[in-house]
Amino acid sequence: MQAWQVHENGEPSEVMRLADVAPPVPGDGQVLLRVRAANINFPDALLCRGQYQVRPPLPFTPGVEVCGETADGRRVLATPALPHGGFAEYALADEATLLPAPDALDDAEAAALHIGYQTGWFGLHRRARIEAGETLLVHAAAGGVGSAAVQLGKAAGARVIGVVGGAEKAAVARELGCDVVVDRRAEDVVAAVKEATGGRGADVIYDPVGGDAYTQSAKTVAFEGRIVVVGFASGSIPSPALNHALVKNYTILGLHWGLYNTRNPRLVAHCHEQLTDLAARGAIKPLVSERVPLDGAADAVQRVADGVTTGRVAVVPEPEKGIAA
């Protein structure tokens, strides 16, 4: 089979190499999946760079989110068991963590429903307890993580303000349903958010960026608001001023979705049921901006890492008739 492998750490476009390798052999409790589509996530770039919290042994195949097919023909969502990730024709996954792929979504859309939407659902509902009528501010609203939060916020009845970088991404954010779009390259984010909220600020802020975005969050969060920290795509990890949180009465919430897989997996299954229902009703639909063949994966991962893509980019391997014994 063909699989992308990383033999040394560095930028994805430089260290990912497409190779012919033997299919991985499932261990105890694992299954072999034919990859129907693999969604690209920012952690894939961090894995290549050796900067992710999980460091699989070299060489490894990145790709942390797939829609795959089991040997008995079931279409499932999975987070592959590294080092045998999803940017390949076949991947391994722990059988206990498989989730049924929603019938309402195609393979690429289904692959994109998993990590980003689970993170959004847990961040908005489990951590921030968002309520209908509240104002939600989403940083990087046109990106893969942000676009999921925008759709989930609208589905929850919130008024959504999307912060983006550039006119093209602003157009995408409007199409996603943002009530207000702020282009950070052309506008003062803090002033624009205060104007849009009558000076009150946002009740919930969803921040997958960190850095300057967090600084803006602290300045625009409402009284008794909640800032949900889900990542640091900017590469800069902020150091919050806790005295500021005290005098403004707001809450800083951390979210590492992967912990729920080990601490409370029943919640993950419950979340998937909610997401599947929302997809069936058309309330959410992953924005897949590109579907690239397997041989285009390295370039696509690099573009996601560079922040020049919108929505989700999915790697769709060519169907294979079978694998050698």
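What you have open is a predicted model, where local features need pLDDT of at least 70, side-chain atom pairs count only at pLDDT 80 or more, and totals for chains, interfaces and linings use all residues. Residues are numbered from 1 along each chain as its sequence is written, and side-chain values use heavy atoms, leaving out hydrogens and water.

Now switch to a cartoon view. You will find twelve helices and 15 strands (DSSP runs, numbered from the N terminus: H or I of at least four residues for helices, E of at least two for strands). Of the 325 residues, 54% count as buried, meaning under 20% relative accessible area with a 1.4 Å probe, protein chains only.

Next, select α7 (189–196). Val189, Val190, Ala192 and Val193 are buried here. Look down the axis of α7: the buried residues fall within an arc of 165 degrees, so they line one face of the helix (the arc is that of the directions from the helix axis to the C-beta atoms). To see what covers them, show β8, β9 (159–164), β10 (180–183) and α8, which are among the covering elements; contact means heavy atoms within 4.5 Å.

From there, move to helix α8, residues 212–220. Which of its residues are buried? They are Ala213, Tyr214, Gln216, Ser217, Ala218 and Thr220. Their cover includes α7, β8 (135–139), β11 (202–207), β12 (221–229), α9 (242–248) and β13 (251–254).

Finally, zoom out: the C-alpha trace spans about 65 × 40 × 35 Å along its principal axes.

Methods: Buried means under 20% relative accessible area, exposed over 50%, partly exposed in between (1.4 Å probe, protein chains only).
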